[in-house]
Amino acid sequence: METQNQVRLTDRPVFIFFLVVISIGTQIPTLRISYANSYPENNQFIYLPIVMKPCDTSIIPNGNFEQGVDAWWEKGFYVLPGDYIRSDFDNPHSGEWVAAIRAKWLTEFGSIEQNVSVPSNNHYLAYWYWVEAIDMWCPGRCLAAYVQINGTTVRTHYLSYDSTEWQKDVIDLIGYAGQTVNLRFYVLGNTHSSPLFVVDDVFYQSCPTK
Ligand SMILES: [Ca+2]
């Protein structure tokens with residue numbers, strides 16, 4: 001990838017700088033600075049390494065579900081503890097336990113939630129998800145999984161397909177940084193459909209990288 005910016009300085013003498021970012025293979029990305037002035041023969045280049053700050057992470061209580069239902073509430077009509085947070089899903093993202101939230105056709109929704117503290121620095125919420133929701137009765141966007149903070153939807157996943165691999169999502173919660181909030185994964189079905197939305201490895205990170 002190559003990007004180019006032009007900067008004109010106001011100090012004398014006037015230089016025109018061309019900034020070019022060069023990234024080659026797995027080598028360290030390099031910033032190439034070239035400049036020219038009224039003496040073209042003075043063209044020169046400076047190469048500077050770009051230091052990439054690592055993405056820090058922090059956990060939320062039982063974010064990988066390996067302690068079963070600890071820290072989480074499962075909600076829905078006729079839902080008992082362990083109906084969603086289970087160890088019998090065939091393909092967990094980590095360990096043996098996941099939250100397999102199914103909007104049962106009689107109840108039309110299902111959810112898990114807990115109250116969490118959003119870190120001031122690691123305010124990006126990250127999680128992995130899996131969908132099983134091919135449904136002939138409800139094509140398109142009438143089935144969905146929502147990530148909600150204090151009841152406000154911060155992400156919508158429309159459910160009309162079956163996953164072939166786990167996907168990661170990242171949501172910036174900077175507006176809630178430093179606060180304790182209610183985090184909820186909420187799955188909505190209908191009277192004909194019972195989509196499955198599986199969540200695993202919920203945590204915070206310091207960058208938006210997926
Ligand atoms: Ca797990």
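Reader: Where is K53 placed?
Author: This is a predicted model. In the model, K53 sits in the loop between β4 (44-49) and β5 (57-59).

Reader: Why is K53 called exposed?
Author: K53 has 7 other C-beta atoms within 10 Å. Exposed means 12 or fewer. Therefore K53 counts as exposed.

Reader: What separates the C-alpha atoms of K53 and C207?
Author: A distance of 9.3 Å, although the two residues are 154 residues apart along the chain.

Reader: How many helices and strands are in the protein chain?
Author: Zero helices and 15 strands.

Reader: What share of the contacts with a separation of 6 or more comes from residues 24 or more positions apart?
Author: Such pairs account for 67% of those contacts in the protein chain. As for burial, 25% of the 210 residues are buried.

Reader: Why is N62 called partly exposed?
Author: Around N62 there are 18 other C-beta atoms within 10 Å. Buried needs 20 or more, and exposed needs 12 or fewer. N62 lies in the loop between β5 and β6 (73-75).

Reader: Which strand holds D201, and what is its phi?
Author: D201 lies in strand β15. Its phi is positive, about 55°, and D201 is not a glycine either.

Reader: Why does D201 count as buried?
Author: D201 has 20 C-beta neighbours inside 10 Å. The cut-off for buried is 20 or more. D201 therefore counts as buried.

Reader: How do you know that β8 is mostly covered?
Author: Five of its five residues are buried. V98, A100 and R102 point one way from β8, while A99 and I101 point the other way. Both sets are buried.

Reader: Why is β8 said to pair with β7?
Author: Pairing takes at least two bridges. Strand β7 (residues 85-86) and β8 have two bridges, so they pair, in the antiparallel sense. R86 stands opposite V98 in β8.

Reader: What joins β8 to β15?
Author: Four bridges join these strands, which run antiparallel. I101 has F197 in β15 as its bridge partner.

Reader: Which residues in the largest nonpolar core touch the most other members?
Author: The core has 38 residues, and A99, I101, Y129, F185, F197, V198 and V199 touch the most other members. Elements that give two or more residues to this core are β8 (98-102), β9 (109-117), β10 (124-132), β11 (144-149), β14 (180-188) and β15 (196-205). β10 supplies the largest share, eight residues. In soluble globular proteins, nonpolar side chains tend to be buried together.

Reader: What does V198 touch?
Author: V198 touches F89, V98, A99, A100, Y129 and W130, leaving aside residues up to four places away in sequence.

Reader: How do you know that β14 pairs with β9?
Author: At least two bridges are required. β9 and β14 have nine, so they pair, and the sense is antiparallel. I112 stands opposite F185 in β14.

Reader: What makes β11 and β14 a pair?
Author: Six bridges link β11 and β14 in the antiparallel sense. Two would do, so the pairing holds. Here F185 in β14 is the bridge partner of V147.

How values were computed:
Residues numbered from 1 in each chain as written. Predicted model: local features only at pLDDT ≥ 70, side-chain atom pairs only at ≥ 80, totals over all residues. Contact = placed C-beta atoms within 7 Å. Core = buried A, V, L, I, M, F, W, Y, C linked by C-beta atoms within 7 Å.
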